[in-house]
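Biologist: Can you walk me through this one? I'd like to start with the aromatic residues.

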Amino acid sequence: MDDQTRIEIEAAAFRRLQKHLMEDRTDAQNIDMMNLAGFCRNCLARWYQEAANERGIEMTKDEGREAFYGMTMAEWKANYQTDASPEKQAAFEVAFKENVLGEKK
């Protein structure tokens, strides 16, 4: 497979993942994704922002989130985010430290 075809296939898979998370499974909470898989929509938005920045495109954290979510974080939270239990919040603290900050137990 040539590089251009591989890039196009990877981009199509990313767009399908984005659609799945943003349209098909809005019920899947970021905190649950982070606790189970070690990443969530915010991570994907951050990776999008970082890729843009690496290519010389200035993009803030909020702009990256809006590009990935297709709306502001305030809109997403108002429409789809639910309250997390104290147990989920505690598990998130561990998952965030391990998967985002790179700190291990």
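**The aromatic cluster and its surroundings**

Modeller: Phe14, Phe68, Tyr69, Trp76 and Tyr80 make up one aromatic cluster. Keep in mind that this is a predicted model.

Biologist: How many aromatic pairs turn up in the whole structure?

Modeller: Six, from a search of the whole structure. Take Trp76 and Tyr80. Their ring centres are 4.4 Å apart and their planes sit at 40°, so this pair is tilted.

Biologist: Why tilted?

Modeller: Stacked needs planes under 30 degrees apart, and edge-to-face needs over 60. The planes of Trp76 and Tyr80 are at 40°, so the pair counts as tilted.

Biologist: Where do Trp76 and Tyr80 sit along helix H5?

Modeller: They are four residues apart in helix H5, so about one helical turn separates them.

Biologist: Is Trp76 buried or exposed? And what about Tyr80?

Modeller: Trp76 has 3% relative accessibility, so it counts as buried. The cut-off for buried is under 20%. Tyr80 has a relative accessible area of 29%, so Tyr80 is partly exposed.

Biologist: Switching topic. How many residues are in the largest nonpolar core?

Modeller: It has 14 residues. Those with the most contacts inside it include Leu21, Met34, Phe68, Tyr69 and Trp76.

Biologist: Which helices supply it?

Modeller: H1, H2, H3, H4 and H5 each supply at least two residues of this core. The largest share, three residues, comes from H3. As a general point, nonpolar side chains tend to be buried together in soluble globular proteins.

Biologist: Now the loop between H1 and H2. What about Gln29 there?

Modeller: Gln29 lies in that loop. Its relative accessible area is 11%, so Gln29 is buried. The side chain of Gln29 reaches the backbone nitrogen of Thr82 at 3.0 Å.

Biologist: Which other residues is Gln29 in contact with?

Modeller: Arg41, Tyr80 and Gln81, along with Thr82, if you set aside neighbours within four places in sequence.

Biologist: Last one. Is Glu66 buried, exposed or in between?

Modeller: Glu66 is found in helix H4. Its relative accessible area is 42%, so Glu66 is partly exposed. Beyond four places in sequence, Glu66 touches Met71 and Thr72.

Biologist: And how far is Glu66 from Trp76?

Modeller: Their C-alpha atoms are separated by 9.5 Å, and the two residues are ten apart along the chain.

Conventions. Residues numbered from 1 in each chain as written. Predicted model: local features only at pLDDT ≥ 70, side-chain atom pairs only at ≥ 80, totals over all residues. Heavy atoms only, no water. Core = buried A, V, L, I, M, F, W, Y, C linked by side-chain atoms within 4.5 Å. Buried < 20%, exposed > 50% of the residue type's maximum accessible area, 1.4 Å probe, protein only. Phe/Tyr/Trp six-rings, centres within 6.5 Å; stacked < 30°, edge-to-face > 60°. Polar contact = N/O pair within 3.5 Å; in protein donor to acceptor, adjacent residues only side chain to side chain. Contact = heavy atoms within 4.5 Å.
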